[in-house]
Protein chains: 2
Amino acid sequence: MTRIPFESMYEVVTDAFVRAGMNQSDAETCARVHTESSCDGVYSHGLNRVARFVDYLQRGWVDAKAKPAPVKKLGVIEIYDGGYGPGILNAFFATDRAMAIAAENGVGIVTLRNTTHWMRGGTYGWRAADKGFVAISWTNTESCMPSWGGKNPRLGNNPFVMAVPRKKGHIVLDMAMSQYSYGKLQVTRLKGEKLPYPGGFDKDGNLTSEPGPIEQSMRILPTGYWKGSAFAILLDTLAAVLSEGLPTNRIDQIGRGSCTGCSQVFIVFDPRQLGGEDFTDQVADSVADYVNGSVPAEDGREVRYPGQSTLRIRADQRANGIIVDDGVWAEVLKLAGREG
Amino acid sequence: MTRIPFESMYEVVTDAFVRAGMNQSDAETCARVHTESSCDGVYSHGLNRVARFVDYLQRGWVDAKAKPAPVKKLGVIEIYDGGYGPGILNAFFATDRAMAIAAENGVGIVTLRNTTHWMRGGTYGWRAADKGFVAISWTNTESCMPSWGGKNPRLGNNPFVMAVPRKKGHIVLDMAMSQYSYGKLQVTRLKGEKLPYPGGFDKDGNLTSEPGPIEQSMRILPTGYWKGSAFAILLDTLAAVLSEGLPTNRIDQIGRGSCTGCSQVFIVFDPRQLGGEDFTDQVADSVADYVNGSVPAEDGREVRYPGQSTLRIRADQRANGIIVDDGVWAEVLKLAGREG
């Protein structure tokens, strides 16, 4: 276990992306997001995704040069075609455009079709909240889990994000529709541990907390059983309808995985034009305080609001360096041409 | 077990509401919703809620005469104060107003503060989809479950609704944030059965599928453990911020239960002005077909999209009468002045 300073990781990842064909400015933007996600502890969509993103650039599955192209404008709604450009750049464009529309109209809605993996969904919630906006965003994905009652993959994990700005720390939800990610299953299996709660079915249809049999069956559990399954179906349908884009079943036909061809929705409100900044803060504080004031189920354990832990991990890793897996870091150094 | 024809139930419930102080027209509107919910199999917010709604009218906790009053208009967003009027009437007003705004602008957003229980959330999704609109709606509620990691109630079950219109049958999600409702716990306990999956913690903090110990501890499980807890927190915060209304912690201070003083959000899109009716139908059909085409986990069992079962129950009970619990029906007959 090594700790790498934020700026060092940022520079290395930037170099890796430049070597894969991105221009310096775009590479820096994407590298900053991967580094920030790692700094926040979300390695699955940070450092651990650098190699796969480079691979997709090299295959041409992500088009480093594509820019979002306008498809339709309808009042406060704008639809763009992502042209299979880098998902982070497309999603930044959409978030920023939605904020600009919201600044003028109270609400802005931007949808993206034919885009690629946006990496960590929470990125766009934190970005909007940092500028004082309320955000609701989601993406569909290729299928990775069965519908409730089925046993072959039919649903994406379709991450869903909600964010409310708050001076003492934004309240941010970043929630995929599977109870656990395949990344979590893998990490748990490699440690020889069990999942804290059942995460799927084995090949015989028994609910299990053992990660290995779930990875084999691909019968990963929707969050909340039938509920996460239903929510995933609606998020998928709405994303495709509102972006005039592809639903999961068509993304599966493309068959490139990793959200290639996905549809995304960005709904942004400006609370300064509604109850105002102080009112928003009062509401958000009262919610956070109420949660924090819970009687803990285990003595001495805090009860936290969504986003609270992130701020602590971020502060620690900003100050002391970002903990990395040595193998993953070595691979990224190699992609950046820094080995030896 | 008795079956009551739709129109008979509708007339009886109308009479009960008129006797409780509503005018004929409002009573008919509310009675139709309670009857439709029962017809769709959602008794918890249909026939089984008639007595409590009557009680709230009689106590003056629901003001039969209140009408939604405009608070603010900001482009396609409108905020109304529900004045503690009947939740169904307020939510119908909000849904219809959001559809009218969406018909002109592609999207319409109406929020309600100081309203009361909207009964079955799905009502407003089905209503919008019946008129060809896409809808996203939610409400906050008084607290009924602990935050993840806590053991006293701090979160509402905050039902969340999404609907997409489809000629062959709308796709509709109606999802509360607890894994099971207290109603489901009660019904399961009375049958002497266990829940199909763990539904909460007993007083010693052990996860259990036995309904009784969960009812006692009030440690009902959020759907998907920490995920449903986080989602409930964000739905609450956004509902209060966007309606300039009350979050759960303030609703708890009112202390009247049953969503008295709650905040609601209605976001409606007109897909006819986006990809068009045929495109929306194609997307929705492809999603429904993909789900229906799953390999079933149990031989001979269908894998269904959200809303599919509802249509079958509805068709059966419309044709053959609505199955009622004899005790509940007798109570409603009495409230309608029909006993003996």
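## Helix packing and chain contact in a predicted two-chain model

In chain B, Phe6(B), Met9(B), Tyr10(B), Val13(B), Thr14(B), Phe17(B) and Val18(B) of helix H1(B) meet Gln24(B), Ala27(B), Glu28(B), Cys30(B), Ala31(B), Arg32(B), His34(B), Thr35(B), Ser38(B) and Cys39(B) of helix H2(B). Contact requires C-beta atoms, placed from the backbone, within 7 Å. By class, this contact has 10 nonpolar, five polar and two charged residues. Ala, Val, Leu, Ile, Met, Phe, Trp, Tyr, Cys and Pro count as nonpolar, Asp, Glu, Lys and Arg as charged, and the others, Gly among them, as polar.

The model is predicted: local features need pLDDT of at least 70 and side-chain atom pairs pLDDT 80 or more, while totals for chains, interfaces and linings use all residues. Residues are numbered from 1 along each chain as its sequence is written, and chains are lettered from A and ligands numbered from 1 in the order in which they are written.

Helices (H or I, at least four residues) and strands (E, at least two) are DSSP runs numbered from the N terminus. Two packed helices are described by the angle between their axes and the distance between the axes. The axes are lines fitted to C-alpha atoms, for helices over the stretch in contact, and angles run from 0 to 180 degrees between N-to-C directions.

| Helix pair | Angle | Axis distance |
|---|---|---|
| H1 (residues 6-19) and H2 (residues 24-39) of chain B | about 135 degrees | 8 Å |
| H4 (residues 87-105) and H5 (residues 122-130) of chain A | about 30 degrees | 10 Å |

H1(B) is therefore oblique to H2(B), whereas H4(A) and H5(A) are roughly parallel. Angles under 35 degrees count as roughly parallel, over 145 as roughly antiparallel, 65 to 115 as roughly perpendicular and the rest as oblique.

In the chain A pair, Ala91(A), Thr95(A) and Met99(A) of H4(A) meet Tyr124(A), Arg127(A) and Ala128(A) of H5(A). These residues divide into four nonpolar, one polar and one charged.

Between the chains, 63 residues of chain B are in contact with 63 residues of chain A. On the chain B side, at least two residues each come from strands E4 (107-115), E8 (160-164) and E9 (171-175) and helices H8 (226-243) and H10 (277-292). H8(B) gives the most, with 12 residues. The side of chain B that touches chain A has 38 nonpolar, 19 polar and six charged residues.

Chain A itself has 12 helices and 13 strands. Its C-alpha trace spans about 55 × 55 × 45 Å along the principal axes.
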